[in-house]
Each structure stands twice: as C-alpha cells, then as structure tokens.
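Subject: Structure handover

Hello,

Please find the structure below.

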Amino acid sequence: MFKKKYFLFFALFAVLLIAAGCGNDNAGEKKGNSDNNNAASESGLPKQMTWSVYDVGSGGYAEMSAIANSLTDEYGTQVRMLPSASGVGRMIPLRDGKASIGKLGDEIQFSFEAIEEFASPEWGPQNVQGYWAPISPFGLGVKEKSDIKSIEDLKGKKVPFISGNSSINIKTEAMLAFAGLTWDDVKVVELTSYAGQGEALVQGQIDVASINPAASSMFEADSKGGVRWLEMDPDDKEGWKRVEHVASWFFPRTIDDGAGMDKDTNIMGHAYLIGGYADQDPDTVYELIKAFNDTFDKYKDATSTLYLYSKDEVLTEPRGVPFHEGAIKFFKENNMWDDEKQAKNDELVERQKKLQEAWDQAVKEAKDEGISDKDFPAFWLEKKAELVK
C-alpha cells in the first residue's frame with residue numbers, strides 16, 4: 001500500500017512536468033518573428049520591436065535611433081534596428097516577418113507597384129501601407145553663377161544618373177518631366193555616389209545636382225561659390241501632371257532652409273515613409289503612431305530633420321501607397337483625415353488588388369509562353385500597362 005501511494009505520487013508529478021513542458025513549447029511557437037506576439041507594455045506597444053532602417057551613419061538611421069531611444073525611455077519598449085544601404089535590403093526583413101516597421105524610401109512605392117527591382121519574379125506587388133509620413137524635399141541645384149535659370153535650360157546639359165540608385169534617378173526623371181524633358185534630352189553623367197554630387201557640381205563634372213537641398217554636400221558646395229535651385233511652380237498644373245505620370249507620390253514643396261536659400265523656394269517633395277505590410281495589427285500601428293506623437297518633444301531636437309515628424313508637418317494625403325487603418329484611426333482622432341482622403345485611400349487599396357490580379361495573370365502567361373526570369377520584368381510591365389489603368 002505504501003509503495004502504491006508513492007507510485008501514484010510520482011506518476012502524477014511526471015504528468016505535471018510533461019504538461020509544463022508542453023506549455024513552454026507552445027509559448028515558444030507563438031513568439032515567432034512578429035513583434036505583435038510580445039507581451040504589450042502599459043502603453044499598448046510591444047515590449048520588443050524590430051525596425052528595418054537605413055544604414056548606420058545615414059540621416060534615416062539617426063532619426064529612427066532617436067525615436068527608438070525615446071520609446072525605450074518612456075515605455076520600456078526595446079527596439080532592435082536592422083540597417084541596410086539598399087531599398088531591397090530594407091524590404092526583405094519586412095517581407096520575411098523579421099521586422100514589423102520600416103523606415104523606407106521609394107522602395108515602398110516601387111514594391112507596391114512591382115516596378116524597378118520589384119518587377120522580378122521573386123517579388124511582385126507587395127501589400128504595403130504607410131504608417132507615418134514625414135515629408136522630405138528634393139530639387140535640382142546649380143552653381144550660383146550658372147546660366148541655367150530653369151529646368152527647361154537643362155536640355156543638352158550634364159545631368160547625374162546615380163548607379164544602382166533607382167530612388168534618386170526616378171526623382172531626376174520626374175523633375176525633368178516637369179519641364180517636358182526626358183533622359184534623352186540631356187547628357188547623362190553616371191556617378192557612383194549620391195552624396196558626391198556636391199563636389200561633382202563644384203568641379204564641373206555635372207551641371208546640376210539632383211539632391212535633397214539639406215544635404216551636407218550641398219552646403220559645402222554653397223560655401224565654394226554658391227548654389228541656386230531650379231524652381232517648380234506649384235501652380236503649373238500641366239508640369240505637375242507630367243511629374244505624377246512618372247511617379248504619383250511626388251508633389252509641390254516650398255522650403256527656405258536648404259543650401260544657398262534665403263527665401264521660399266518651390267521645389268519637389270515626397271513622403272519619407274515609415275511603413276510596412278497591411279497585415280500588421282491595427283492596434284499596434286495605432287499605438288506606435290500615438291507614441292511617436294506623445295514622445296515628440298523628447299526626440300524632436302536630436303537631429304535637424306526630426307521636426308518633420310510632428311503631426312503638424314507630416315503628409316496625410318494618400319500618395320502612392322494607402323495608409324494603414326491604425327494610422328487612419330490616429331488621423332481621425334486628431335482631425336487630420338476627411339472623406340476626400342478616405343476616397344483616395346480606398347482607391348489605392350483597390351489598386352493593390354488589381355495589381356495582384358494582373359501579376360498572377362502575368363506569371364501564369366509567362367509560364368505558359370516559356371518566358372525566362374530575365375525577360376519577365378519587361379513582360380510584366382507590358383501586361384501591367386494593359387491590365388491596370
């Protein structure tokens with residue numbers, strides 16, 4: 001009897017140990033790579049997040065580091081940064097679920113439309129959306145004493161093309177289009193460095209720089225003889241139609257704090273998006289944007305550009321990609337949204353569906369016709385133009 005009692009005790013103990021082990025295994029399975037599976041902090045944010053960002057030393061990395069530090073100090077949220085120098089490199093962790101948030105350039109627009117690097121068979125249209133949209137300026141700068149007075153005057157002039165940088169080159173193409181010009185109308189000068197344009201301008205290697213007016217290299221160029229910016233009249237409707245034909249996410253922007261500027265200057269703007277995939281939990285996205293806003297005073301002076309992250313400065317008009325419903329919830333609470341913006345957002349959501357349907361059809365037809373992976377991007381772009389208006 002004594003032995004039987006001990007046998008029952010140890011059997012029950014073993015069962016409990018097995019049950020506990022199974023519970024731990026299940027918990028491990030739920031963690032995965034998604035930030036949403038972390039226990040939430042009191043703020044509603046996950047305790048741990050992973051962000052895909054620009055490479056170390058860049059302005060984008062510095063901005064996101066400052067914000068991450070503020071979230072850690074205020075809410076205890078730990079942020080892991082995955083830096084990359086390329087647009088595809090920043091998109092991969094988002095696509096693979098290793099990061100939930102991305103500080104992204106035009107690659108988010110490219111991936112949405114399945115163009116440039118994302119027209120390849122391994123990508124296709126990505127169901128991405130914007131979470132927060134600080135605005136970045138962009139323009140065409142010339143030497144102060146240059147005889148180039150307008151974008152039209154760039155015909156036959158030396159214009160930079162940055163190797164491997166589709167994000168910069170599409171901006172140059174759009175600004176040329178404003179004046180009715182194309183790459184065929186200018187002398188293309190291939191450069192390997194975006195930042196090197198300031199010195200290339202000073203040395204006469206190029207006649208114009210296609211760059212953010214706040215770039216340090218342009219301030220340096222300004223100190224060596226002065227720079228001036230070719231303006232883009234915001235009221236030139238035909239010019240801006242041509243710009244949007246190249247890329248729908250560019251728009252008029254007026255600034256006065258770029259290199260060589262001493263007054264309001266009309267150039268081009270674009271959203272320097274924080275975004276990710278549409279399937280991110282709406283509550284998490286909402287809490288993140290709310291935290292950006294609530295901690296703004298803590299990080300706004302960390303870099304010269306972080307003031308652009310204020311809710312009074314960010315873009316709220318959907319352009320190129322739709323906004324996520326978590327972001328829209330914040331916009332509505334702060335009187336930053338209206339029916340017109342909702343209609344534009346709905347159009348973009350519907351466009352994503354049409355792009356995916358067209359992609360699926362193109363992939364099937366390419367397989368049936370024996371089109372190679374090398375030739376597929378051109379085939380896809382033809383089908384896209386035919387199927388998605």
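Helices (H or I, at least four residues) and strands (E, at least two) are DSSP runs, numbered from the N terminus. This is a predicted model, in which local features need pLDDT of at least 70, side-chain atom pairs count only at pLDDT 80 or more, and totals for chains, interfaces and linings use all residues. Residue numbers start from 1 along each chain as its sequence is written, and side-chain values use heavy atoms, with hydrogens and water left out.

The pocket

A pocket is an open set of points on a 1 Å grid over the protein atoms alone, where a 1.4 Å probe fits, with protein on both sides within 12 Å along at least five of seven lines; lining residues have an atom within 4 Å of a point. The second largest pocket holds about 700 Å³, a volume being the space filled by probe spheres set on the points. Its lining has 21 residues, and Glu244, His245, Val246, Ala247 and Ser248 are the closest to its centre. At least two lining residues each come from H5 (166-178), H8 (237-246), H12 (339-369) and H13 (376-387). H12 gives the largest share, four residues.

The sheet

Five strands form an open sheet in the order E2-E1-E3-E12-E4, with mixed pairing; two strands pair if DSSP finds at least two bridges between them. E2 (78-84) and E4 (128-132) are the edge strands, each pairing on one side only. E3 (residues 101-103) and E12 (residues 274-277) run antiparallel and are joined by two bridges. Gly102 stands opposite Gly275 in E12.

Regards
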